Amino acid sequence: MTRLRAAAVVLGAAAALTAVPLSTAQAAPGDTATLCSSSLTPSGWVDVQWWNSFSCGSTFSPNIRKVQQLTGYAAGTTVTACASSLPPAGWVAVSISYNSGCVYAPNQGFNKNSWQLKQLTGYPVGTVVNACSSMLPPAGWVSVGEYYDGGCQPTSTPSTAKNAWQLKRVS
């Protein structure tokens, strides 16, 4: 009988792990939660670490991740996030790199898989910032210049193609 209860507790914990209720209304900036890979990353959150756990199924591929709430951070805040999830509105990549904690697929190798993200929401009109051009500028921002930045190189293959821009807040 004790083994049966222990098994029920373990199964219940695994079920709870996949069903962590995430709401931007309940979470503060920087709060984290753990989700199985079968669950979508909620809006306003980003993946920050991947690993393997039998609580999310038996596989040798990364199948569980830590997610972090980004909604509510002040303008200029930077965070490192895995490239396995898209940044929330108002955030842009300012550099791209490899992070061993962001390996989310088997045989991914040492490909660049993480971003240093910067929050642009809240800057005054007229502010100019530098960002990687790997994603579109947030609403109210326009590109006013393009250039090459080694920190924005998306692959390990050398290139000098323009991959960054200066963004200006216009509204």
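The model is predicted. Confidence comes first. The protein chain averages a pLDDT of 86, and 85% of the residues score at least 70. Residues 1-21 are another matter: there the pLDDT is below 50. Beyond near neighbours in sequence, that stretch has 13 contacts in the model.

Now the layout. The protein chain has one helix and nine strands. Read from the N terminus, the order is α-β-β-β-β-β-β-β-β-β. The chain counts 171 residues, and 36% of them are buried. Take the contacts between residues at least 6 apart in sequence: 60% of these join residues at least 24 apart.

Go inside next. The largest nonpolar core has 14 residues. Those with the most contacts inside this core are V46, L70, A93, W115 and L117. Strand β5 supplies the largest share, three residues. Leaving aside residues up to four places away in sequence, A93 touches W115, Q116, L117, A131, C132, S134 and M135. A second core is separate and has eight residues, among them Y123, V129, W141 and W165.

Charges are next. How many salt bridges does a search of the whole structure find? The search finds one. The side chains of D47 and R65 form this bridge, at 2.9 Å from N to O. D47 lies in strand β2 and R65 in strand β3 (residues 64-69), so the pair ties together parts that are 18 residues apart in sequence. Both D47 and R65 are buried.

Stay on strand β3, which also holds Q68. Is Q68 buried or exposed? Q68 counts as buried because its relative accessibility is 14%, and the cut-off for buried is under 20%. The neighbours of Q68, not counting residues up to four places away in sequence, are G30, D31, T32, G44, W45, V46, V48, Y73 and V79. With Y73, the side chain of Q68 makes a polar contact of 3.2 Å.

Y73 leads on to the aromatic rings. A search of the whole structure finds four aromatic pairs. One of them joins Y73 and W91. Why is this pair of Y73 and W91 called edge-to-face? The ring centres are 6.1 Å apart and the planes stand at 80°, and planes over 60 degrees apart count as edge-to-face. Y73 sits in the loop between β3 and β4, while W91 sits in strand β5, so the pair ties together parts that are 18 residues apart in sequence. Y73 counts as partly exposed because its relative accessibility is 23%. W91 has 4% relative accessibility, so W91 counts as buried.

Another aromatic pair is Y123 with W141. This pair is also edge-to-face, with 6.2 Å centre to centre and 80° between the planes. Y123 lies in the loop between β6 and β7 (128-132), and W141 lies in strand β8 (residues 141-147). The two residues are 18 apart and link distant parts of the chain. Y123 and W141 are both buried. Both also belong to the second core.

Methods:
Residues numbered from 1 in each chain as written. Heavy atoms only, no water. Core = buried A, V, L, I, M, F, W, Y, C linked by side-chain atoms within 4.5 Å. Buried < 20%, exposed > 50% of the residue type's maximum accessible area, 1.4 Å probe, protein only. Helix = DSSP H or I, 4+ residues; strand = E, 2+ residues; numbered from the N terminus. Contact = heavy atoms within 4.5 Å. Salt bridge = Lys/Arg side-chain N within 4 Å of Asp/Glu carboxyl O. pLDDT = per-residue confidence, 0-100. Polar contact = N/O pair within 3.5 Å; in protein donor to acceptor, adjacent residues only side chain to side chain. Phe/Tyr/Trp six-rings, centres within 6.5 Å; stacked < 30°, edge-to-face > 60°.
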